[in-house]
Amino acid sequence: MSEYTAQDYKKGQPRWCPGCGDHFFLASLHKAMAEIGVAPEDTAVISGIGCSSRLPHYMATYGMNTIHGRAAAIATGCKVSNPKLAVWQISGDGDGLAIGGNHFIHANRRNIDLNMILLNNRIYGLTKGQYSPTSPRGFVSKSSPYGTVEDPFRPAELCFGARGHFFARCVASDAKGTVEVLKQAYAHKGASVTEVLQNCVIFNDGTHESVYTNEGRRKNAIYLEHGKPMIFGENNEFGLVQEGFGLKVVRIGENGITEKDILVHDAHCEDNTLQLKLAMMEGPDFPIALGVIRDVPAPTYDEAVNSQIEEIKAKKPYHNFAELLETNDIWEVK
Amino acid sequence: MAEKLEVKELDQVAVRFSGDSGDGMQLAGNIFSTISATVGNSISTFPDYPADIRAPQGSLTGVSGFQVHIGAETVYTPGDQCDVLVAMNAAALKTQYKYAKPNGAIIIDTDSFKEKDLEKAQFKTSDPLKEMGIDPDRVIACPISQMVKDCLKDTGMDTKAILKCRNMFALGLVCYLFDRDLDIAFNFLKEKFSKKPGVAEANIKVIQAGYDYGANTHSSVANVYRIESKTKVPGRYMDITGNKATAYGLIAAAEKAGLRLYLGSYPITPATDILHELSKHKSLGVTTVQCEDEIAGCASAIGASFAGALACTSTSGPGICLKSEAMNLAVILELPLVVIDVQRGGPATGLPTKSEQTDLLQVLYGRNGESPMPVIAATSPTDCFDAAYQASKIALEHMTPVVLMTDAYIANGSAAFKLPELDKLDAINPPYVPEEMKGTWTPYKRDEKTGSRYWAVPGRKGFAHILGGLEKDNATGAISTNPENHDLMCRLRAQKIEKIQVPDVEVLGDKDDAELLIVGFGGTYGHLHAAMDEMRAQGKKVALAHFKFINPLPKNTAEVMKKYKKVIVAEQNLGQFAGYLRMKVDGFVPYQFNQVKGQPFVVKELVEAFNNVYNK
Ligand SMILES: Cc1ncc(C[n+]2csc(CCOP(=O)(O)OP(=O)(O)O)c2C)c(N)n1
Ligand code: SF4
Ligand SMILES: [Mg+2]
């Protein structure tokens, strides 16, 4: 049991718009951290710039609210040089995937032990409503009055493409689901990406409408759990099966389908093919996947960097500056 | 041809080894400078690499040179021109001849002057010497390739491996010309190739053969030169390049401060060797991260600094452009950070392998907002050590990013470096937040004397805090847009930098009665000093004030600038330092000497320009 409560991680009065999804997420993060139990002073929360990136100001941990897009890079240096810290990175969809896209993919590729949170409201909130790299094609915003003519990133696809080993999704308004994935994201050693579907009530209200309420999620989402059959629906009447190269929704009890025919979720499967398919599911034909979609162990960068240092220390005969000097060709002038 | 051997005593001499990039000219030059340094000569070296790494063999763009300047007394530069030019092939002769003194000796490998070689070097006739107007009496024409083959024919080595030893033949010959003790070269090679004794042995054989060739045919060589050391400072020495010295300075500072050393970097000429050097020293706990770009290099260093490391990021001008926003973040976070700018020719990709001082105003002012940042400019290859150490000390003790400027010229050049002792270096004491402040401490509480905020490294209970790129309230550390507070914070950040103590700028030469004061900064020190020496030797009253500390400027700057009748600011840009001084020193209107050729200054040209002003 953890010796901490959510209160121990809380600080200040959030300034987000009333009803903003960030409020809900923050409360879940406080709760998850308390359950995880890493001391506030051993926790660093590092964000970029955006509405969502204000979050560290409301944490009683160590934190930095930095510059737009660079949170992953800053968090990388922090974790590598002080691996004892639990490092959380908070970014919006613009911060993490537009200006910070390069750092996002490389943090995943290196597999540095960061808990990367992507608050995806499919809009630039702080700059008052321009489309973002996750806004759907045709999206009308202040900077796209006639609709965008470009396709969005889907964060999971980018994460998997960058060889990410952990991807989870939750809805900001769903406290239980959020706390659960945050705990698993922390428990995963290496880079973890948690996509938080977050509503911006001002500039993109309703963007995640189909899954934003309990009722909506019962109808339109599937909670994935490793080792459990992928069943969903208001009365657990649907399931996912594999058909050809893809997934298919089936009704249990129809055409002789029983629970045994339903695919069992394997988040630990090294091959990400099916996990990607799960992550890419969209309504109305498919449920939106929530929970931990991929969670595969792999060597972490921070550990590798530090164990290499130990290894070389044991191998090389010089360990301080004076000894380093002696490794050179030296001559004496008398 | 001189009939009898004449031994000439010289004060200083420069040798340039040139050949194809793969000919090992740098190794030959390094060994020659090490031998000379070992007998107490002062040394200064400079490699001149081709920009084209994969230029075809024997082509004009593939030539690389390595110049070694040795002196009985202090030499300050690798020398404008050389007394002996080694040209291992026709292309080298064609491109490097301009660096030879009018009566300097030229050594060529005649085996690399065949028809094909001449063609690749774009000679039009079969007589390259005549075509270039070179007096054959100056030339030691020697079938080096053939002789090396003969020398190693019984070793069982293949021709390719044998020909790799040509550089050692040239070295042996040069050692003969300068009466150098070969034992030192032999020891050097034995150590360098300790894992490949066969290679060491072959090289040693060839050096001896080159030396013997010189001795046996001395009638074709005009002079044997002897450089006797006059100004020996006893001690233990090594040869060091500027980049290596920079890396060593950072390592020493981290050890002194008891901190982990972190470097976040992205490869870029001519700064990459710092990343290479630091990456080797994991046994000292040095952490290097080769990042996805320069932005991440700087950003990750800021993360490392927050986490309690001595954090550095190394790059050249184009990388500084990318790092600017993050450097500014470090300014407002007030976290220690060392940003190393090894300047090269700009703008944009510019002249990647060449040297300039054109980033000065960029590092001083190239950021949004009021963004004061200390700037230190190293003055020589060995001074890079001290400059890196001082930059680290200032960053850590004053909680600020610091820019350390070097340039391609001093970064790649080398000189004899007297081994420093860590005990004797200045103490480094970062302002860690005292335990008794727990409960009352806020992130921007400042030390009264230095104006620096305190450092609370994550992991300390009771000091959890948030920093950020948004302006903060000076008292509470919370985000603030209060106009009075912002004005105050801008001033406090500026005052903190102004309060940093830096040594006075020293005036060298005729400091009491100079008619002309030469002013420079950073990597041009050697050339400006040599120019001053030459003018004083001509009987003129000249002084030199050379700046290493650029921001803040030394306290005596205005006094020195105003003391002399005429002042000339000489720099490798179009007047950035002169402009900066004019801004800082009321009513100061200096003469200027500016050159942006990507090449080191030429002392002769400096003297001419300074004499013009002197005689006005
Ligand atoms: C270098 C830089 N470019 C642009 C901006 C302006 N800017 C601030 S936040 C932002 C986008 C925010 O969107 P997102 O990351 O999705 O966060 P949200 O506000 O939606 O939570 C932009 C463009 C900036 N602060 N810095
Ligand atoms: S603008 Fe949108 S994202 Fe920003 S605080 Fe308001 S609701 Fe939240
Ligand atoms: Mg957004």
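**View 1.** Helix α18(B) passes helix α21(B) in a right-handed crossing (the near helix is turned clockwise from the far one by less than a right angle; helices are DSSP runs of H or I with at least four residues, strands are runs of E with at least two, both numbered from the N terminus). The model is predicted, so local features need pLDDT of at least 70 and side-chain atom pairs count only at pLDDT 80 or more, whereas totals for chains, interfaces and linings use all residues. Residues are numbered from 1 along each chain as its sequence is written, while chains are lettered from A and ligands numbered from 1 in the order in which they are written. The axes of α18 (residues 525-537) and α21 (residues 603-614) of chain B lie 9 Å apart at an angle of about 60° (axes are fitted to C-alpha atoms, for helices over the stretch in contact, and angles run from 0 to 180 degrees between N-to-C directions). The contact is made by residues including B:His527 and B:Glu534 of α18(B) and B:Phe610 and B:Asn611 of α21(B) (C-beta atoms, placed from the backbone, within 7 Å).

**View 2.** Nine strands form an open, mixed sheet in the order β12(A)-β9(B)-β16(B)-β3(B)-β4(B)-β2(B)-β5(B)-β6(B)-β7(B) (strands pair if DSSP finds at least two bridges between them). At the edges stand β12 (330-333) of chain A and β7 (139-142) of chain B, each with a single partner strand, so one side of each has no neighbour in the sheet. The twist averages 25° from one strand to the next. Strands β3 (residues 42-48) and β4 (residues 63-71) of chain B pair in the antiparallel sense over seven bridges, with B:Pro47 opposite B:Phe66 of β4(B). Helix α10 (residues 242-257) of chain B lies across β9 (235-241) and β16 (414-418) of chain B and runs at about 115° to β9(B).

**View 3.** Strands β4 (residues 115-120) and β6 (residues 192-197) of chain A pair in the parallel sense over six bridges. A:Asn115 has A:Ser192 as its bridge partner in β6(A).

Methods
Contact = placed C-beta atoms within 7 Å.
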